[in-house]
Amino acid sequence: MIASDVGMEFSFNRVAAMVRRYWYLLRSSWPRILDLIYWPTVQMLMWGFLQVYISQNSNFFVQAGGVFIGSVLLWDILFRGQLGFSISFLEEMYARNLGNLMMSPLRPAEFLLALMIMSIVRLSIGMIPVSLLAIAFFGFNLWALGLALAAFFANLILTSWAVGIFVAGLLLRNGLGAESMAWTIMFLFLPLTCVYYPVAVLPDWLQYFAWALPPTYVFEGMRALLIDHVFRPDLMIEAFALNIVLFAAASLAFLKLLQSARAQGSLLQTSE
Amino acid sequence: MFPPMDAQNASPIAVDRLVKRYKGVAAVDGISFRLTPGSVTGLLGGNGAGKTTTIAMIMGLVTPTSGGVTVLGAEMPRQRYRVLHRMNFESPYVDVPMRLTVRQNLSVFAQLYAVADIDERIDRLAADLDLTEFLDRPTGKLSAGQKTRVSLAKALLNKPEVLLLDEPTASLDPDTADWVRSRLERYRAEESATILLASHNMAEVERLCERVIIMKKGRIEDDDKPDLLLSRYGRETLEEVFLDVARGRRQSEAAQ
C-alpha cells in the first residue's frame with residue numbers, strides 16, 4: 001500500500017497547519033461565510049412555516065411539534081458536514097495546490113483529519129445561528145435534546161466524513177471531472193435515510209437498503225424522541241457500528257484511489 | 001564520468017531503468033542517471049519528452065511502471081515520507097493559494113515542513129527574494145514575477161538538500177528570470193544543494209548546469225557536460241545541440 005510507509009508518524013502540527021490554511025481562506029472571503037449560513041436558514045424557515053401551517057390543520061402535527069424543523073436541522077448536519085469536508089478539499093484543486101501538499105511531508109491521514117476539523121468549523125458557523133433562529137421563530141430548541149443531540153450529531157458527522165473521504169478519493173483519481181459528486185452524492189441519502197418520513201413508508205424491499213445506512217437510525221431516533229418522547233440508545237449504537245464499517249470502507253477506498261491516482265499521474269494535473 | 005552503480009546510495013537522486021507507461025504508451029522509457037551531491041543538472045527535452053513525468057516520479061507523485069528512483073537513499077514513492085522534509089520543488093503545474101497572503105502561505109508551508117523559527121526564516125527568505133514589502137498582500141494580487149518568487153520562497157523554506165525545478169523561469173521577463181537564476185546559484189553555493197532543473201531555456205541551462213541530460217520520446221538521447229556536448233556536436237550553443245537532437249541529427253552529421 002502506497003500510503004503506508006516507514007517513518008509515517010502522525011503530526012498534529014501538520015494538521016494544525018492545514019486547519020490554519022483553511023481558516024485563513026474562510027476569513028478572507030465574506031461570501032464563503034455567508035454561503036455557510038443562508039441556505040440552512042432558508043431551509044429551516046421554509047420547513048418551519050410548513051410545519052406551522054400543517055399543525056394548524058392536524059392533531060398529529062400539533063403533538064409532533066418540531067419534527068420537520070428537527071429533520072431539516074439534522075439533515076443539514078449530514079449534508080453540510082460532507083459539503084464542508086468536500087469544499088475544503090475542492091479549494092485545493094481550484095487553487096492548484098494539491099501538488100504542493102502531496103509533495104510536502106503531510107500524510108494522507110493528517111490531511112483528512114484537517115478536512116474533518118474544517119467540516120465541523122464550517123458546520124458550526126452555519127448551524128449555530130440557524131438553530132438559534134429556530135428558537136426565535138418556532139420555539140424549537142435543538143439544544144434541549146441534550147445527550148440525544150450529541151448522539152445524533154456524532155453519528156451524522158461520522159457518515160458525512162465517510163462520504164467526504166470517498167469523494168476526495170474520487171476527486172484525486174478523476175480530477176475536477178468528479179466535482180459534481182461532491183455536490184450531489186448526499187442527495188442519494190435523502191430519500192433512503194427517511195429524513196422526513198418513517199422507514200415504514202418505504203416498500204419492504206427498500207427498507208433493507210434504508211437500514212443499511214447509519215443516518216436512517218438517527219432520523220428514526222429523532223422521531224421517537226420528538227413524537228413518542230423516548231430516546232432509543234439501541235438505534236444510536238447500531239448507527240455507530242454501521243458508521244465504523246462505512247468509515248473504514250471509505251478510508252480504504254480513499255487509499256486505493258490515491259494509489260491509482262499516483263499510477264495514473266493525476267496528482268499533478270487535477271483539472272477535468 | 002558519473003558515479004558507478006554501487007554509489008547509488010550516496011547519490012542524492014538515483015534513477016535506475018525507469019519506465020512509465022500510460023495505457024501502453026511509454027512516457028519514460030528505461031532511463032538511468034545518478035546525480036552527484038551539490039550538482040546542478042539540466043533536464044532538457046521538447047514537449048512530451050518525459051521531463052515532467054520523470055520529475056514527478058522523483059518526487060513520488062507518480063508511481064513508476066518499472067525501474068526505480070531513490071532520493072537521499074529512500075525508495076520513491078514507497079519510502080517518500082523519510083525524505084520529503086529534505087526536498088522541495090517548484091513547478092508551473094502548481095500554485096500556492098492565491099487568496100492567502102504571502103506570509104500566511106509561507107507560514108503554513110513552513111509548519112508543514114516543521115521549519116524551526118518560522119518567522120525568522122520567512123523574514124530571511126523575504127529579504128533574499130525581495131518579497132518583504134509584499135508579505136502581507138494576497139498572493140493573487142502579485143505580478144507573475146512576484147508570484148514566481150513566492151513559489152521559489154516556498155521551495156526554499158525548508159533549506160532542501162534536493163531541489164526539483166520544472167521550468168522555474170517560464171513566463172518571466174528576462175530581467176526577472178536572470179534575477180531568479182542568480183538566487184538559485186546563490187542557494188546552491190550556500191547550501192550545497194543538489195538541483196535538478198527541467199527547462200526549455202537553453203541560456204538558463206548553460207548558465208546554471210554543470211551537466212545536461214537531453215531527453216526525447218521518453219529516452220535519454222545524450223548526457224554530458226555542456227562544453228563537451230557543444231564540442232561533440234560542433235555547435236556554439238546548447239540551443240543548436242537541442243535542435244540537432246530534437247530533429248534527429250546524429251552527432252557526426254551535426255559536426256560536419
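Two residues are in contact if their C-beta atoms, placed from the backbone, lie within 7 Å. By that rule, the contact between the chains takes 32 residues from chain B and 32 residues from chain A. On the side of chain B that touches chain A, the elements giving two or more residues are helix H1 (51–59) and helix H2 (102–112) of chain B; H2(B) gives the most, with five residues.

This is a predicted model, in which local features need pLDDT of at least 70, side-chain atom pairs count only at pLDDT 80 or more, and totals for chains, interfaces and linings use all residues. Residues are numbered from 1 along each chain as its sequence is written, and chains are lettered from A and ligands numbered from 1 in the order in which they are written.

Chain A has 12 helices and zero strands, where helices (H or I, at least four residues) and strands (E, at least two) are DSSP runs, numbered from the N terminus. Of its 272 residues, 46% count as buried, that is, with 20 or more other C-beta atoms within 10 Å of their own. The C-alpha atoms of chain A fill a box of roughly 60 × 45 × 30 Å along the principal axes.

Confidence is given as pLDDT, the predictor's confidence in each residue, from 0 to 100. The mean for chain A is 89, and 93% of its residues reach 70 or more.

Conventions. A residue is buried if 20 or more other C-beta atoms lie within 10 Å of its own, exposed if 12 or fewer, and partly exposed in between; C-beta atoms are placed from the backbone.
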